[in-house]
Amino acid sequence: SDFVVKLIDAYPADYPDPDPEDELPMGGFQQLVRGEPFRAKFRESFTEPQPMTPGEPTRLRWTMPDVAHVFRAGHRIVVQVQSSWFPLVDRNPQTFTDIPHAKPEEFRPATQRVYHAAGRSSALELPVLGGSM
């Protein structure tokens with residue numbers, strides 16, 4: 001299974017448009033700050049992939065590349081977790097096979113869960129640097 005975590009800067013609804021003649025309204029705009037895919041079979045090792053066990057919570061941990069971004073006052077931090085980023089990342093057949101050589105019959109639907117329960121909650125840690133603008 002694949003997981004994609006996206007960090008997004010959501011502009012406030014009343015954010016002014018930089019150019020009134022431009023047809024792109026900035027109010028409510030969502031700016032992708034960073035997105036990082038992770039193929040879960042490589043959670044323990046990139047040289048010895050391991051399948052996930054269906055229905056069993058599995059800890060996935062990876063580091064997104066650093067980026068210097070300022071979330072301005074009134075903006076919201078949005079985190080999206082999804083299981084595909086096709087066509088930016090190739091499709092995962094969900095059958096623990098050699099993906100570049102997967103046959104159409106090897107592709108299966110999959111269900112991914114992000115847990116909220118105590119002791120099994122999902123998290124994203126963001127370093128915060130002080131300062132003012």
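A charge is said to sit over a ring if NZ of Lys or CZ of Arg is within 6 Å of the ring centre and within 35 degrees of the ring normal. In this predicted model, local features need pLDDT of at least 70, side-chain atom pairs count only at pLDDT 80 or more, and totals for chains, interfaces and linings use all residues. Residues are numbered from 1 along each chain as its sequence is written, and side-chain values use heavy atoms, without hydrogens and water.

Arginine 91 lies over the face of phenylalanine 107, at 4.5 Å from the ring centre. Lysine 41 likewise lies over the face of phenylalanine 96, at 5.5 Å from the ring centre.

Rings also meet other rings. Rings of Phe, Tyr and Trp (its six-membered ring) pair if their centres lie within 6.5 Å; planes under 30 degrees apart count as stacked, over 60 as edge-to-face and the rest as tilted. The structure holds four aromatic pairs. In one of them, the ring centres of tyrosine 11 and phenylalanine 29 are 5.5 Å apart and the planes stand at 85 degrees, so this pair is edge-to-face. Tyr11, Phe29 and Tyr15 form one aromatic cluster.

Buried means under 20% relative accessible area, exposed over 50%, and partly exposed in between (1.4 Å probe, protein chains only). Tyrosine 11, with a relative accessible area of 13%, is buried, whereas phenylalanine 29, with 29%, is partly exposed.

Phenylalanine 38 and tryptophan 62 have ring centres 4.8 Å apart and planes at 5 degrees, so this pair is stacked. Phenylalanine 38 is buried at 9% relative accessibility, and tryptophan 62 is partly exposed at 25%.
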